[in-house]
Amino acid sequence: MTPEEFARESWRAGAPAAPLPSLEELRARADRFRRKIVWRNWIEYIAGAVVIVAFLAMAIFVPLPALRIGAALIIGGTGVVMWQLHRRASPLTPMEHGGQYSLLDYQRRELVRQRDAIDSVFTWYLLPLIPGMAVVMAAPLLSTPLNRWAMPPADALMSMGFVVGVFAAIYALNKWGARQLQRQIDEIDAMRSA
């Protein structure tokens with residue numbers, strides 16, 4: 001009896017009201033999940049390239065040194081984010097990893113990798129960008145003599161609040177996504193232990 005057959009039989013015995021999906025359905029779910037990860041990562045890579053080009057132009061053409069430094073920090077932070085995205089959240093390769101595990105184990109392993117990646121999004125996705133964003137937002141103050149510092153205008157404060165809100169939303173959405181993935185992991189664990 002294969003692990004999938006064992007899990008299916010165990011699931012039927014323990015939870016007759018919620019039958020185990022067929023092997024084809026499990027495989028289709030795994031394929032859909034893998035395609036979703038590939039698309040997500042490509043969107044992130046393209047967005048990262050756009051950010052790098054935009055801030056490279058700022059670092060070259062803007063006369064304020066503080067803005068140039070902030071732009072350079074954002075370029076470096078974006079590079080770190082792209083590298084970490086590839087390292088932590090690239091999908092497992094079916095040809096390389098699929099033959100080593102049963103379908104349930106393969107899918108569980110992928111879910112755990114993706115959950116861990118998005119659950120720790122603050123440290124590898126947001127944190128590398130914060131220094132550069134802080135310097136860019138503070139550039140008008142950093143370019144003004146200390147004795148002439150004043151409260152930033154309302155539109156500047158609103159821009160800062162918007163950036164902080166976007167970062168908070170990214171954090172909250174990823175935490176929510178991690179909880180959703182944990183539910184799928186729990187479902188697989190229930191199949192395996194029933």
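A: In this predicted model, the axis of a helix is a line fitted to its C-alpha atoms over the stretch in contact, and the angle between two axes runs from 0 to 180 degrees between their N-to-C directions.

Q: What describes two packed helices?

A: Two packed helices are described by the angle between their axes together with the distance between those axes. For α3 and helix α5, which spans residues 103–119, the angle is about 150° and the axes lie 9 Å apart. Because angles over 145 degrees count as roughly antiparallel, α3 is roughly antiparallel to α5.

Q: Which residues of α3 and α5 meet, and how do the residues of this contact divide into nonpolar, polar and charged?

A: From α3 come Arg 87, Arg 88 and Ala 89, and they meet Arg 113, Gln 114 and Ala 117 of α5. By class, the residues of this contact comprise three charged, two nonpolar and one polar.

Q: At what angle do α3 and α7 pack, and how far apart are their axes?

A: The axes of α3 and α7 are 7 Å apart, and the packing angle is about 175°. With the cut-off of 145 degrees again in mind, α3 is therefore roughly antiparallel to α7. On the α3 side the contact is made by Ala 66, Leu 67, Ile 69, Gly 70, Ala 71, Leu 73 and Ile 74, while α7 contributes Pro 131, Gly 132, Met 133, Val 135, Val 136, Ala 139 and Leu 142. The residues of this contact divide into 12 nonpolar and two polar, with no charged residue.

Q: Which residues of α7 are buried, and against which helices do they pack?

A: Buried here stands for a relative accessible area under 20%. In α7 that applies to Gly 132, Met 133, Val 135, Val 136 and Ala 139, and the buried residues of this helix pack against α2 (23–61), α3 (65–89) and α8 (154–193).

Q: Where in α7 does a kink lie?

A: Helix α7, residues 130–142, has a kink of about 35° at Val 136, shortly before the proline Pro 140. Val 136 is also among the buried residues of α7, and it takes part in the contact with α3.

Q: How many helices and strands are in the protein, and what share of its residues count as buried?

A: The protein has eight helices and zero strands, and 32% of its 194 residues count as buried. Among contacts with a separation of 6 or more, 73% join residues 24 or more positions apart. The accessible surface comes to about 11,800 Å², with 68% of it belonging to carbon and sulfur atoms.

Definitions and conventions. Residues numbered from 1 in each chain as written. Predicted model: local features only at pLDDT ≥ 70, side-chain atom pairs only at ≥ 80, totals over all residues. Heavy atoms only, no water. Helix = DSSP H or I, 4+ residues; strand = E, 2+ residues; numbered from the N terminus. Buried < 20%, exposed > 50% of the residue type's maximum accessible area, 1.4 Å probe, protein only. Contact = heavy atoms within 4.5 Å. Areas by Shrake-Rupley, 256 points an atom, 1.4 Å probe, with all protein chains shown as cover. Bend = angle between axes of the 7 residues up to and from the residue. Parallel < 35°, antiparallel > 145°, perpendicular 65-115°, else oblique. Nonpolar A, V, L, I, M, F, W, Y, C, P; charged D, E, K, R; others polar.
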